[in-house]
Amino acid sequence: MVTRGLALLLLVLGLCTTAAGATGSACLDSAKTELEALYCKVVSEGQGAGLPSLTDFKRNDPAVQALLLRRPAARLGLDVPEIDGTSLTPAPAQAKPEPAAEQPAERPDPARQLSGCRLEGQRITCPQRHFELATNQPNSNLAKGVLGPDNRLGLTPFAGNRSDQEAVRRYLSGAYDRYIPKMVEIGLGANTMSFTAFYHAFHTTEDAGIDFARRMEQTFTLLKQDKKTLAVKARYHDNLPQDLSLCEVINADIIVCDDVGTNWVFVAPSR
């Protein structure tokens with residue numbers, strides 16, 4: 001059974017929630033990185049409108065945190081720390097115990113196989129075709145209109161019982177299989193959430209009484225808006241998956257791998 005781990009782009013982004021309540025020394029005391037400390041500074045200076053809560057902000061990987069902070073920090077004349085590899089310089093803060101390791105969420109349909117395929121660094125080679133590691137793309141490489149308002153993520157709201165774990169996983173599997181190609185479409189293939197992050201984003205959002213599909217749509221809209229004006233690095237680290245068992249097919253053109261700490265998307269070149 002292929003499992004999913006914890007990695008990017010995104011979320012849980014409580015994007016249209018307010019960051020109020022995260023101000024003051026309590027916020028700074030809880031900050032463990034420079035980005036978290038900058039978040040506290042931005043909010044304390046009254047520029048936190050549209051930012052997620054501090055709890056939700058921390059659930060994002062550094063690349064997304066930096067993306068969220070870039071505009072409000074610029075309004076205050078503050079620099080966003082550079083991302084170095086997969087970690088940032090810790091911010092001065094009171095020492096706190098490390099949280100328990102997050103358990104990967106299992107994807108349904110374990111019959112999906114990569115039989116005959118080989119993992120070769122930045123390429124997955126299969127009998128009939130190959131897949132290249134996706135990088136973030138400049139807007140000049142994107143299809144016309146993909147950053148426009150008519151391009152929607154389009155997830156269907158969950159209508160089942162959240163205590164039914166099989167129903168939840170089926171729903172999230174379908175939603176994730178739409179989310180990944182949409183991220184590639186807008187040129188953010190190197191900034192994707194793992195299935196586990198997606199899974200926990202769903203529960204955290206729904207626990208707060210917020211519709212997950214709607215929140216994800218709001219997030220997608222924000223990413224498109226920022227992508228129009230903000231440059232992104234092709235990749236934020238040089239890590240690569242070490243084993244094909246970490247990988248699973250999303251559709252005929254996309255394979256996703258993760259090792260709990262990092263998510264990788266491999267895309268087949270256009271025929």
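His-130 sits in strand S3, which covers residues 130–133; strands here are DSSP runs of E with at least two residues, helices are runs of H or I with at least four, and both are numbered from the N terminus. This is a predicted model, where local features need pLDDT of at least 70, side-chain atom pairs count only at pLDDT 80 or more, and totals for chains, interfaces and linings use all residues. Residues are numbered from 1 along each chain as its sequence is written, and side-chain values use heavy atoms, with hydrogens and water left out.

**Around His-130**
- His-130 counts as partly exposed because its relative accessibility is 25%; the cut-offs are under 20% relative accessible area for buried, over 50% for exposed and in between for partly exposed, with a 1.4 Å probe and protein chains only.
- Setting aside neighbours within four places in sequence, His-130 is in contact with Arg-123, Ile-124, Thr-125, Ala-268 and Pro-269, where contact means heavy atoms within 4.5 Å.
- Cys-117 is 13 residues from His-130 along the chain, and their C-alpha atoms are 8.6 Å apart.

**The whole chain**
- There are seven helices and six strands in the chain.
- Reading from the N terminus, the order is α-α-α-α-β-β-β-α-α-α-β-β-β.
- The chain has 271 residues, and 48% of them count as buried.
- Look at contacts with a separation of 6 or more, and 76% of them join residues 24 or more positions apart.

**Helices H5 and H6**
- The axes of H5 (residues 165–185) and H6 (residues 195–207) come within 10 Å and cross at roughly 120°; axes are lines fitted to C-alpha atoms over the stretch in contact, and angles run from 0 to 180 degrees between N-to-C directions.
- That angle makes H5 oblique to H6, since under 35 degrees is roughly parallel, over 145 roughly antiparallel, 65 to 115 roughly perpendicular and the rest oblique.
- On the H5 side, the contact includes Val-168, Leu-172 and Tyr-176, and on the H6 side it includes Phe-198, Phe-202 and His-203.

**Around Leu-68**
- Leu-68 belongs to helix H4, residues 62–75.
- With a relative accessible area of 9%, Leu-68 is buried.
- Tyr-39 lies 29 residues from Leu-68 along the chain, with 9.2 Å between their C-alpha atoms.
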